[in-house]
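Please open the model in a viewer and keep the sequence at hand.

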Amino acid sequence: MANYEPTQEAMKKAMRERHSVRKYKTDKLPSDIVEKLNERIEENNSKYALNIELVTDNKEAMPGIMAATMSKNVLNYMILAGPDKASTDETLGYASADLMLYAQTLGLNTWWIGGMYSKKNARKNSQSPEGSKIIGVVAVGYGMEQGVPHKSKSVSEVSSYDGEAPDWFKAGVEAALLAPTGMNRQEFTVKGSGNEVSMTVPDASFAKADLGISKYFFELGAGKENFTWK
């Protein structure tokens, strides 16, 4: 099957429409959808030297109490795995952002899970090399509902620009504010000067993964051709 490559506009639409979904239908993922997801996962693994993998028809991602109280039918999920080094968290965050929006273009819903999944079962179901680390999982499937927008900070609360901010910078910050972050804290700070942009996060759990996700969203909104990361 030829690779399915959504347009940039389709990815931007997915960015605006995607919200975290914790409850899913029991519908199996069609084989062609699974194939597309695996192709996209492999592209990210090859490009960024990661070990992300898709697990289907498996209910072991969520511990019993979480499955009973906070989620429903999390039967398909992507294990976010990569080499055990400092830069991996940000890279996995960046790649997972691409995969979540890609899944949205396929009519699927997602949920980035960092602290509530079963680490033991994720490790058991992972085929990643010995010594790799797992930072979370992304639930994927057909949601019982489409989720709701999270409460968002304003552009001025999270960004500053040296001089009058160009439209691409504003669009990038607005896009970053759509990104899922730990506890929806949106603790990133974006600064711009000329065509150079920096994004930082305070040291906290999942902060580097949040940084990678937010950078991906910023790039999608701003257009990578308009700036360079500082």
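**First stop: Lys12**

Select Lys12, which touches Leu220 and Gly221 when residues up to four places away in sequence are not counted; contact means heavy atoms within 4.5 Å. Lys12 is found in helix α1. Helices (H or I, at least four residues) and strands (E, at least two) are DSSP runs, numbered from the N terminus. With 18% relative accessibility, Lys12 counts as buried. Buried means under 20% relative accessible area, exposed over 50%, and partly exposed in between (1.4 Å probe, protein chains only).

This is a predicted model, in which local features need pLDDT of at least 70 and side-chain atom pairs count only at pLDDT 80 or more, while totals for chains, interfaces and linings use all residues. Residues are numbered from 1 along each chain as its sequence is written, and side-chain values use heavy atoms, with hydrogens and water left out.

**Second stop: helix α7**

Select residues 167-176, which form helix α7. Which residues of α7 are buried? They are Trp168, Phe169, Gly172, Val173, Ala175 and Ala176. These residues cover an arc of only 160 degrees around the axis, which puts them on the same side of α7; the arc is that of the directions from the helix axis to the C-beta atoms. To view their surroundings, display α1, α6 (155-158), β5 (159-161), β6 (189-193), β7 (196-200) and α8, against which the buried residues of α7 pack.

Next, display the open sheet formed by four strands in the order β1-β2-β4-β3, with antiparallel pairing. Two strands pair if DSSP finds at least two bridges between them. At the edges stand β1 and β3 (109-113), each with a single partner strand, so one side of each is left without a neighbour in the sheet. On average, neighbouring strands of this sheet are turned by 25 degrees against each other, direction ignored. Axes are lines fitted to C-alpha atoms, for helices over the stretch in contact, and angles run from 0 to 180 degrees between N-to-C directions.

Within the sheet, select β2 (residues 77-82) and β4 (residues 133-141), which run antiparallel and are joined by six bridges. Ile79 stands opposite Val137 in β4.

How many salt bridges does a search of the whole structure find? The search finds ten, a salt bridge being a side-chain nitrogen of Lys or Arg within 4 Å of a carboxyl oxygen of Asp or Glu.

Select Asp57 and Lys28, whose side chains meet in a salt bridge (3.2 Å, N to O). Asp57 lies in the loop between β1 (53-55) and α3 (64-69) and Lys28 in the loop between α1 (8-17) and α2 (31-48), so this pair ties together parts that are 29 residues apart in sequence. Asp57 is partly exposed at 48% relative accessibility, whereas Lys28 is exposed at 58%.

Finally, select Glu90 and Lys215, which form a salt bridge through their side chains (3.1 Å, N to O). Glu90 belongs to helix α4 (residues 88-105) and Lys215 to helix α8 (residues 207-222), so the pair ties together parts that are 125 residues apart in sequence. Glu90 is partly exposed, with a relative accessible area of 24%, while Lys215 is buried, at 16%. To close, display Glu5, Arg40 and Asp98, which salt bridges that share partners join into one network.
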